[in-house]
Every structure is written in structure tokens, then in C-alpha cells.
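Reader: I am new to this structure and would like to learn how to read it step by step. Could you take me through its features in turn?

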Amino acid sequence: MTSHIPIPATSSSGRAPSTSRSPFSSRSTFSSRSTLSSRSPLGFRSSVALENAISLTLPFPPHRSSSADHRSFEPRVIRAASDSSHSPCQPLNSRSSSILRPAASQSIPSVQHSTSLSFLRPSYLENSAFRQLLLLEQPLYTIPSRKLDSMHTHPSALPASSDSDDDSTATPPRDTVLPPKEYSFKLPTCWSDQDRHNLLNVSMSGRELSYQGTSCGDKDAAAARTIHPIPPACGIYYYEVEILGKEHKSHISIGFAGHGVKFSRLPGWEPNSWGYHGDDGCSFAAEKNGTSYGPTYGAGDIIGCGIDFTSHRAFFTKNGSFIGPVFENIGKDIDLYPSVGLQHAGEIIRVNFGHESFKFDIDSHVQQQRNAVWNKILTRPIDSSVLEGRSMSTTGKTTLSDEQSKGVLNKLVLTYLVHHGYAKTVRAFQKQQPDVLAAQDTDIVMDDTIPETGGMDKDIERRTRIVNSVISGDIDSAIAETKKHHPVVLQSEDHLMLFKLRCRKFVELILETTEMKKRIKTLKESRAEKRRYDEIGNGDGEFWMGEEMGMDVDDDAVGLMSTSPTTIPYNAPPLRNGREKAVSPDGKGKDLSSVDAAVQYEMALNTAIAYGQELSNDYKSDTRPEVRQLFKQTFGIVAWEDPLEAGGSVASVVSYEARVNLANELNQAILKSQGRPARPALEMLYRQTAACLLQLGTMGVGEAAFADISREILES
Amino acid sequence: MPPKPSIRAEEWDRRLQEVQITKNDLNRLIMDYLVIEGYKSAAEEFSQEANLAPPVDFESIESRMDIREALQRGDVEDAIIRVNDLNPEILDTNPALYFRLQQQKLIELIRLGRISEALEFAQEELAPRGEESPEFLSELERTMSLLAFEASAAAPAGISELLSPAQRMKTAGEVNAAILESLSQGNEVKLVGLLKLLCWGEMLLEERAEFRKLNVVEGSLVDSVLV
């Protein structure tokens, strides 16, 4: 069914062979990335609305450090759909059984084996790009959905940089998400108490199998398998079996079996089953007479059994030593389960699905395979028809030359810089284009690519200015400049953008009043404090001196000025009256300033309300749901004494992040009005690649597990 | 064989939307490109504008670029001196790279028509190395055959390409990569890896499903005709 086309291993890129460098070799990264202590494998985000979500804390395994990878995993907060019927779209999957299939065997919860679930995902699986989709079991507990409110944006989180606008408006921080439920895979954790021969007994732990029969012939073979099949998204899957019986050459077969293979036969005898036998050391792939493969095994031995979904071969280990690859085309079209068969009385085995550390160094083995797959990808030429979005099957392969690749890269970089308004970088970048390149033929990729510099500079600067105005809260300037240079942006969609900006303006006005009120309160408190202090410290000469010299006014001023920076979470426009008070020479200034502040507050509040009423009036006939909704949310903030502290949906309107998001939206709208894409090509490239790889992973293409986009491209 | 499943355009768009990628991530990809490809002043500006800590000191970018420029204008001698100034071990420990530079020098001599000089250089410097490895020898022979053609245009493509700017770029690229490696810096541009990953991923997925392709050059999704 699934055909494989060979991947050329030769490089025509003309670069020096890169075999000497592993892609994981240490290299200094740009900066320490504290925010990335945990990251979802392909960058998933649950599509389900947050309101529908529940929050869970899953016991993800602490990352056992491997030699090439020192990042640590931390328990994370995740979100998953509370409504299991809510799956807007099933992933396309030719092997649906590997994805949460409600099979009969699964409908009976494995409660009796609950002790076997107390282990962590084995560390070798951290090599898979889909590691976070590989679950040992479904979480058995849930938390009511109202908990989620506290997980909304925290307004106090302040980016220090001025370049903090971020395109990921719809993307929550990485460490708060779980892949959508429809993508997760369950790992084998124990023997199934259902899917076994009745001569086999499964221990309480679910790890041991013992043969209960009396006879000793082929007819009395008895096999068992696990509850869940092996997800190919593992890339490589591995388990170990310890032989606890007494025979030196055990009549045991260790291997894999598909769904529906007879339990009265040893793995390897039947179609869709594969096994390594202890009595003769032969490998069996649906055959009665095996092929000579490895040593015999028996009592006390630990046999490891692995399947490599990148090569579709299996391998075995004995007491920690690698025996070698075996079997061809295994696990290509059907789901496979770890399976063991016994046929002599007294035989007992105990399995290790990651319950304890493995005898064989599976971590390095998997790492090697991962590097091999990644290096294979890196030696591939870049295909021009892919870059232009054409199907390779119709156009054939056309390899890009070095210069052409360079042209594509330069364009990706340039359009990205222009998109985000990095004007100085753009100028420097263009100036540094070597003449060789400029003189290159420009047919395939460079045609109309580089916009002329002069006009572009101004354009970028203007756009950056507008965006920064929004980020700093100066909505009026943003509106004015946009109106002047990009009137279409404000008008489009029936003035929707203008509406959004005006709503933000209202928010800024309200926040201003909140700050004023806070200051008045602080002022009153400090005065009350002082009054108390005055009364207590009546005899204190020094204090009298101070009072005589009118120091209190300064004190007030200091109080006013010093409280503000700590309580204002971001640069709200400074209040004019603050300074007037500070310079007031009058000894009774404190009373005046207090009154003054109250009057100012009153005025600001009136201004805000008037603005709101005008806004309300202008849009009263607009019945679009998103307009109504934003309107409601915007006016709702008035109900809070301090909207910035309110959290939840209020924060989503007033927070600094909300400003940044709005700024970004405006940037995209301006770009769109100029006929440019809303997202830069570079970002699209990343998104497309990640989506392809995820799709491959859910379709059971094992190699995709070792093409880890976020690890290879973003982290190393 | 059953027909390939199709992923509807809206569904695909949703998947793209769900991918997690931040501007900071992308900024670092850009910085990686600017540094490795040697856009020193652009890297400096970007470090400022994007508020991104530079991964290397900018001076090292400059010296790498001086070497590259020397090779691109054909001054191999200058390039070798500069590489050795930077770190003599680079050429000492990398005979293939040293041979590549010597070969380039020979090419430049031939290009300039300094035939006797070229012959002398080949005999004294390159021939002994050719004896060391069959690979070197075959490259040497290829280079020498340039002399057989009076006008380079008459030479077969496999030989005349030695005189192309691409050959200079190739040599410059190899030297650049070796220097980066000596600085324990990545020498593969991440963006190139990303493009290759896309090619690989789309190729595999194309065999299994219909989905919306991306025109990377335009940065837009192609409206494929779904059957």
C-alpha cells in the first residue's frame, strides 16, 4: 500500500561534505532560552476554544539527559479538550487503529494493572519529534474547567525590549499546551489480560507471563500481546524481556504480532508475526523453519527487541549486546504489538517496557539513527518545483543551483526583515549583497524580488512608527498616521480596524483614570500615616523643623512620583498634574493637590466616558457579532477597580499583550493593503514544514519522528 | 491502491495556524543566516533592532568575509595568508581544503594566461599532493585540461565550469565552513536545513495525501486542484 521511494544520498549542493559534523554538535546559541525549557514537539496548540478546555498537570517524565541533549523537561501545565466528542477533524490516517481506537480490549480499563503505569516514558523516546504525543496512559483524572481562568494572560508580564511585538497572536506560550487529543498515541505498558492464550497467566503487575500448561509440544504454544500497539511515531521502539524460567535454551519466542494473530502459535510462525526463538537462536518471519540469526537464550538472559520504523527492520539484543538487524518490511502497513510466546511448563518471563532502565544502551542507538536520518535530509538537494509549490510527480526533479538557493534565501530574509520593519537591517543587508550575486542570472527565483530601496525605506519606517505608537499606547498618533498613509486599512471591513483602535483608545483612557485614582488613594494613605505620625511624634524637634520648612510638600511629591513607576505596569502617559503639585510652593499644597488630583481625576473620567459614548454612538448600528463582542468587553472593564489586575477576559482586552496583538494586527492589515502576505514567507515556510511533518507522523511514517523541526531548526 | 486522501484547504490552513512559532524564533533564524553568510553590518543592525544578543563577535565575521572576498576576486594567496593569520591549524589539519585552495590558485593562474607559472606551480605544489590521493589527482587532471583549450568557451562544460564565478564561490564556501567549524560555530545555515526539510516532508507527504502546497518563493499557499 505505502510505497517508498528511495532518497538520493548524494549531494549536488556543492558544499563541503558535512559528515564530519553532527547536527547536534555543540554550538553556541544566540542567547540562553529560558523560556524554552519545555516545548511541544511540532508546535501544537489545541484548537479547542479555551473555554472548552480543562487544565491538567501531566506527569511528564523528567528528561534523562543523554549525551547530545541537555535540555531538561519540566512538568507542564497542559490543556486538553474536556469534551471528547469535540474533534472537529480527524487526522487522515491509514492506520486508524493506532490512534485511540475504542477497541474492545481497550474498553475494559486496565485497572488491575494500575501498578504497572507508575513509570515514565523511556528516555530513548525523547529522540522522537513526536515525544509529547506518546502517552503511557490517558490521564485518569480531570480538573473542572473553571480553573482555566487563572491561566489567562498575566498583565504583569512585561517584555523589557521595545521589539516585543510578536506574531504569534493566536499562539499561547509553548509550555501551556498539549497536542490535540486526536493526535496522541498510547504506548504499550503491560500485557493484555484479554489478548492472550488462556494457558498464559498475566501477573498483577501486567509485566510477567507464566505458562500454566503441562505439555511440551508445538501444539501447546501460547502467546500474549500488549493492550496498545506500537506507534510508528516512536521512530524506534524497544522493549526487553527477562527470562525467569529454568531452561537453558528456552522454548520462547520474543517479537511482534499484528492484530488478530492466533494466540496458540509462537510469534514468527503465523503471517503478520515475527519472532526470535530461544531454543535455536533462529529468527522467524511467518515461517515454520526459522533463519539462523543469533545465539540461543534461556534462564537469566535479558533479550531486547526493537523495531525501527525508519528502515522497517527489527533488531534484538542479548544481555545488553546488539545482535543485528533482522526482518524486512516489518511494520509497514499494519499495527504491531509487542508479543511473546511460551510453550513449556514453568516458563516465566518479565517484560520491561521502560519500567526500569534497559540493559542495552538504546538511547545511543536511537540517537545514531536519528542523526542518520537528519543527515540524509541535509544531503538532499533543494528542489525548485517544491519551492514553487508544484507537485514533484508532474514536474520531475529540478535541483536548485547554489546561486539559486542563495537567491531564495536572500529573498526569504529580506521579505522577513521588511515585513517586520527592521529598516536599518534591510539597508545594511542590501548594501552587503556581493556583486557576484547581483550579477547572477535572476530568472527562476529572483525576478521581481528585491523591491527598490528608496521607497521601501520610507514605507518601513512609517509602518514601524505606526506599530510602535500602538505598542506605546499612543493610539491617536497611530490612527492619524494610518489615516494619512494607509486610509484603506481603517476603512476596510466597514471600519473594523478603526473600531478596534478606538476601543483601545477607550481602554487607555480608562487605564489613565485608574492610575490617577490609585495615586489619590496612595496620597490619602500617606497623609493619614503622616497625621498619625504627627500626633505621636509631637515633641520631635527635628520633625517640626521639617514641617516648618515645608518639607511635607516635597514628601508628597516624592510619594507621588515614586509610587507611580512601581504600580504602572507599562508606560502610561505621565499625568500632568503630578508635576504641578510637586512644584507647588504653597505650604498648604498638600490639601490643594489632593483637591486638584480629585478634580483632574473627575475630568479624566468624564473624558473617557464621553469618548466611550461617542464610540458607542458611532457604532450603534453595527450589529456584527465581533463588533458587539469587543464593544461589550471593552466597556466591561469599567466595572473593575483595577482592570490590569483583573485577569481573565478583562486582561485579554487591557493587557500589554493586547496592545501588542493589536499592533501586530494593524501591521498585517497595512501589509495586506499593499498586496503583501499577512505572514512573511519565512514564517509560512516553517509552518508548512511543521504541518507536513506532523501529518507524516500521524500517518505512521516513522522517519518523520527523526526529522525534528523545532529541535534541529530552532534549538541546536 | 486506494485513492490518496485529501486534506481540505481550510483544514490545512487550520493546521498551519496551529503550528507554534514565535517571532523570536524566526529572528534567531535570520541572525544565524546573517552571521554564517557573513553579513556583518546587517547582523549588527539586526542585533540592535531585534534586540537579539549576537552569537559571535562581529569582528570574526569580518575576517571571514575578507577571506571570502579575496577568493571571489581571485586572490588566493591573500586568502591563504588571512586564513593562517586567523588560525594556522585550519589548513594544517585539513589537507583537502588546502588542496582546494591550491587548485583555485592554479585556476586563477590559467585564467590570467600565466601558463609557465601555472605549470611550475602545478608541478611543484600540486603534483606531489596528487600522488597522495586519487581524488586529488583526478581534480588536478581536470584542472590541467583547461590548458588544452585555447578559449575556455570551447571546453566541455565539466571543465570550463572551473573558470566560472560559481567555482570561486564554492571554494569560498568550503573555506568559510572550515573556519566556522574551527570556531565551533554551526557551519550549516539553519534556513537551508529548513528548506531541505520542507522538500523532504512535502515529497513524502505527496505520496500519501493531497494537501495545499506552499510556494516558498512567493510565501503563499497554492490553491491546488483537489480531486
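Author: What follows goes from confidence to helices, then to single residues, and last to the nonpolar cores. Please keep in mind throughout that this is a predicted model.

Reader: How far does the confidence reach in chain A, and which elements have the lowest and the highest mean pLDDT?

Author: As a general idea, where pLDDT is low, the predicted coordinates should not be read in detail. In this structure chain A averages a pLDDT of 71, and 64% of the residues score at least 70. Among the elements of chain A, strand E1 (residues 53–58) has the lowest mean pLDDT, 33, whereas strand E15 (residues 313–318) has the highest, 96. Over residues 1–116 of chain A the pLDDT is below 50, although this stretch has 227 contacts in the model beyond near neighbours in sequence. The pLDDT is also below 50 over residues 435–452 of chain A, a stretch with 18 contacts of that kind.

Reader: What span should helix H4 of chain B have, and which of its residues are buried?

Author: In general, an α-helix has 3.6 residues a turn, so residues three or four places apart point the same way. At 1.5 Å a residue, the 15 residues of helix H4 (residues 58–72) of chain B should span 21 Å, and this agrees with the end C-alpha atoms, which are 21 Å apart. Its buried residues are Ile61(B), Arg64(B), Ile67(B), Arg68(B), Ala70(B) and Leu71(B). They pack against helices H2 (23–36), H3 (40–49), H5 (76–86), H7 (95–111) and H11 (165–182) of chain B. Just after H4(B) comes Gly74(B), with a positive phi of about 95 degrees.

Reader: How many residues of H2(B) are buried?

Author: H2(B) is mostly covered, with 13 of its 14 residues buried. The 14 residues of H2(B) should span 20 Å at 1.5 Å a residue, which agrees with the 20 Å between its end C-alpha atoms.

Reader: Where do Ala286(A) and Asn329(A) lie, and what is the phi of each?

Author: The general idea is that most residues other than glycine have a negative phi. Ala286(A), though not a glycine, has a positive phi of about 50 degrees, and it is found in the loop between strand E12 (282–285) and strand E13 (291–292) of chain A. Ala286(A) counts as partly exposed because it has 15 C-beta neighbours inside 10 Å. Asn329(A) has a positive phi near 50 degrees and sits in the loop between strand E16 (321–326) and strand E17 (336–342) of chain A. With 11 C-beta neighbours inside 10 Å, Asn329(A) counts as exposed.

Reader: Is Leu134(A) buried or exposed?

Author: Leu134(A), in strand E3 (residues 134–135) of chain A, counts as buried because it has 22 C-beta neighbours inside 10 Å. Apart from residues up to four places away in sequence, Leu134(A) touches several others, including Arg121(A), Phe185(A) and Cys234(A).

Reader: Which residues touch the most other members of the largest nonpolar core, and where does this core lie?

Author: Among its 153 residues, Leu685(A) and Ala707(A) touch the most other members. Helix H19 (residues 681–698) of chain A gives the most to this core, with 11 residues. Domain 1 (37–185) and domain 2 (187–376) of chain A both give residues to this core, so it lies between them. Leaving aside neighbours within four places in sequence, Ala707(A) is in contact with residues including Trp374(A), Leu693(A) and Trp200(B).

How values were computed
Residues numbered from 1 in each chain as written. Chains lettered and ligands numbered in written order. Predicted model: local features only at pLDDT ≥ 70, side-chain atom pairs only at ≥ 80, totals over all residues. Core = buried A, V, L, I, M, F, W, Y, C linked by C-beta atoms within 7 Å. Buried ≥ 20, exposed ≤ 12 C-beta atoms within 10 Å, placed from the backbone. Helix = DSSP H or I, 4+ residues; strand = E, 2+ residues; numbered from the N terminus. Domains from an automatic or database assignment. Contact = placed C-beta atoms within 7 Å. pLDDT = per-residue confidence, 0-100. Expected span 1.5 Å × (residues − 1).
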